[in-house]
Amino acid sequence: MARRIDVTGTGGVRLAAWEFGDPPKTDPARDVRDGQGAHDGHTAPEGSPGVLLLHGLMGRASHWASTARWLSARYRAVALDQRGHGRSDKPPQGAFTRDAYVDDAEAALEQLGLAPVVLIGHAMGALTAWQLAAKRPDLVRGLVICDMRASALGAASQREWGQWFESWPLPFATLADVRRFFGEDDPWVERPNPARGEFYAEVMAESPDGWRPVFEPEQMLRSRETWVYDAHWEELAQVRCPALVVRGLDGELGRAEAQEMVRVLPRGQYAEVADAGHLVHYDQPEAWRAAIEPFLDSLGEH
């Protein structure tokens with residue numbers, strides 16, 4: 001299960017961190033979503049190396065439940081609800097800049113005593129991870145980048161996202177409707193993808209008029225606009241620790257760009273997961289584990 005630990009991010013924002021044990025007796029994602037649970041079963045011994053898991057835009061810590069569960073046998077595995085996401089604060093006038101996200105992760109590492117840590121990030125969380133690794137090499141001993149591009153995406157991409165949010169048929173009457181829309185009916189879905197439907201069901205909460213996201217779409221767009229117009233190759237080149245770039249074969253990070261990222265990283269490695277889209281760790285959890293476990297093994301225990 002997962003135990004909640006509140007930490008304080010930059011500007012006093014309260015962040016919910018979730019420390020995982022292994023194995024849970026109930027659905028770990030539900031335990032995190034409902035704010036319940038305590039350590040149960042086998043956990044890594046005291047003094048084990050730390051891992052911090054950072055979700056992507058619109059995600060939450062519970063999306064890492066499967067990964068964190070097996071990591072917890074060897075590591076102190078903590079997943080963070082980043083600002084504006086999950087159970088963390090969503091300040092209406094708060095900062096949603098790159099610096100704010102990176103500073104939050106840095107504060108979490110220090111308050112939780114996880115350093116030197118392995119950072120594992122998906123999408124936006126991967127960008128936060130490599131920017132933190134570049135900024136504070138003393139805190140990070142290994143880095144896993146999952147399906148995040150280093151190149152600029154541009155204004156057209158941001159406009160498309162705004163239009164996409166507007167297309168959501170909110171509120172959803174049931175969670176089944178959430179799963180059907182994001183897994184089948186969403187125009188962005190090329191073919192039925194049940195895992196995608198489950199991913200978005202995980203970030204919905206029941207309200208008086210139906211099911212709505214636990215985040216504010218406007219805050220998601222504000223978060224996104226702080227990285228889409230810029231490339232991030234310079235920070236990659238500043239990452240000193242071993243780093244693994246992972247892409248889903250059908251994800252958003254193309255093979256050529258992923259391999260260029262590996263080349264730019266001073267100690268970069270490459271892996272890809274077949275039959276996976278952008279949500280690599282959620283689409284194919286066993287193949288994802290097979291892709292990253294050898295890299296983690298190569299880092300050693302300390």
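Which side chain does arginine 4 meet in a salt bridge? The partner is aspartate 6, with N and O 2.9 Å apart. Keep in mind throughout that this is a predicted model.

**Salt bridges**

Let's stay with that pair for a moment. Arginine 4 has a relative accessibility of 32%, so it counts as partly exposed. Aspartate 6 is partly exposed too, with a relative accessible area of 42%. Searching the whole structure turns up 23 salt bridges, and here are some of them, including the opening pair.

| Salt bridge | N to O distance |
|---|---|
| arginine 4 and aspartate 6 | 2.9 Å |
| aspartate 177 and arginine 180 | 2.2 Å |
| arginine 212 and aspartate 209 | 2.7 Å |

Take the pair of aspartate 177 and arginine 180. Both sit in helix 6 (residues 175-185), and because they are three residues apart there, about one helical turn separates them. Aspartate 177 is partly exposed, at 21% relative accessible area; the cut-off for buried is under 20%. Arginine 180 is partly exposed as well, with 38%.

Then there is arginine 212 with aspartate 209. The arginine has a relative accessible area of 31%, which makes it partly exposed. For aspartate 209 the figure is 45%, again partly exposed. Elsewhere, salt bridges with shared partners tie Asp103, Glu106, Glu110, Lys135, Arg136 and Asp138 into one network.

As for the general idea, side chains of opposite charge can pair when their charged atoms come close.

**Two arginines worth a look**

Arginine 136, a member of that network, is found in the loop between helix 4 and strand 6 (140-146). Is arginine 136 buried or exposed? With a relative accessible area of 19%, it is buried, given that buried means under 20%. Setting aside neighbours within four places in sequence, arginine 136 is in contact with Glu106 and Glu110.

Arginine 83 belongs to another loop, the one between strand 4 (76-80) and helix 3. Its relative accessible area is 2%, so arginine 83 is buried. Again leaving out neighbours within four places in sequence, its contacts are Thr10, Val13, Leu15, Ser88, Asp89, Ala95, Phe96, Ala100, Tyr101 and Asp104. If you want a sense of scale, arginine 83 and aspartate 230 are 147 residues apart in sequence, while their C-alpha atoms are 21 Å apart in space.

**Helices 3 and 4**

Tyr101, one of the contacts of arginine 83, also turns up where helix 3 meets helix 4. How do these two helices pack? Helix 3 (residues 98-112) and helix 4 (residues 124-135) have axes 9 Å apart, at an angle of about 70°. Angles of 65 to 115 degrees count as roughly perpendicular, so that is the label for helix 3 and helix 4.

On the helix 3 side, the contact involves Arg98, Tyr101, Val102, Asp103, Ala105, Glu106 and Leu109. Facing them from helix 4 are Met124, Leu127, Thr128, Gln131, Leu132 and Lys135. By type, the residues of this contact are seven nonpolar, two polar and four charged.

**Helices 5 and 8**

Helix 5 (residues 155-167) and helix 8 (residues 217-224) make another packed pair, at an angle of about 170° and with axes 11 Å apart. That angle makes helix 5 roughly antiparallel to helix 8. From helix 5 come Ser157, Gln158, Trp161, Gly162 and Phe165, meeting Pro217, Met220, Leu221 and Arg224 of helix 8. The tally for this contact is five nonpolar, three polar and one charged.

**Aromatic rings**

The structure has 19 aromatic pairs. In one of them, tryptophan 168 and phenylalanine 182, the ring centres are 4.9 Å apart and the planes are at 85°, so the pair is edge-to-face. Tryptophan 168 is in the loop between helix 5 and helix 6, whereas phenylalanine 182 is in helix 6, so the pair ties together parts 14 residues apart in sequence. Both of these residues, tryptophan 168 and phenylalanine 182, are buried.

They belong to a cluster linked by ring pairs: Trp161, Trp164, Phe165, Trp168, Phe172, Phe181, Phe182, Trp188, Phe199, Tyr200, Phe215 and Tyr282. Trp161 and Phe165 from this cluster also take part in the contact of helix 5 with helix 8.

Conventions. Residues are numbered from 1 along each chain as its sequence is written. This is a predicted model: local features need pLDDT of at least 70, side-chain atom pairs count only at pLDDT 80 or more; totals for chains, interfaces and linings use all residues. Side-chain values use heavy atoms; hydrogens and water are left out. Axes are lines fitted to C-alpha atoms, for helices over the stretch in contact, and angles run from 0 to 180 degrees between N-to-C directions. Helices (H or I, at least four residues) and strands (E, at least two) are DSSP runs, numbered from the N terminus. Angles under 35 degrees count as roughly parallel, over 145 as roughly antiparallel, 65 to 115 as roughly perpendicular and the rest as oblique. Contact means heavy atoms within 4.5 Å. Ala, Val, Leu, Ile, Met, Phe, Trp, Tyr, Cys and Pro count as nonpolar, Asp, Glu, Lys and Arg as charged, and the others, Gly among them, as polar. A salt bridge is a side-chain nitrogen of Lys or Arg within 4 Å of a carboxyl oxygen of Asp or Glu. Buried means under 20% relative accessible area, exposed over 50%, partly exposed in between (1.4 Å probe, protein chains only). Rings of Phe, Tyr and Trp (its six-membered ring) pair if their centres lie within 6.5 Å; planes under 30 degrees apart count as stacked, over 60 as edge-to-face and the rest as tilted.
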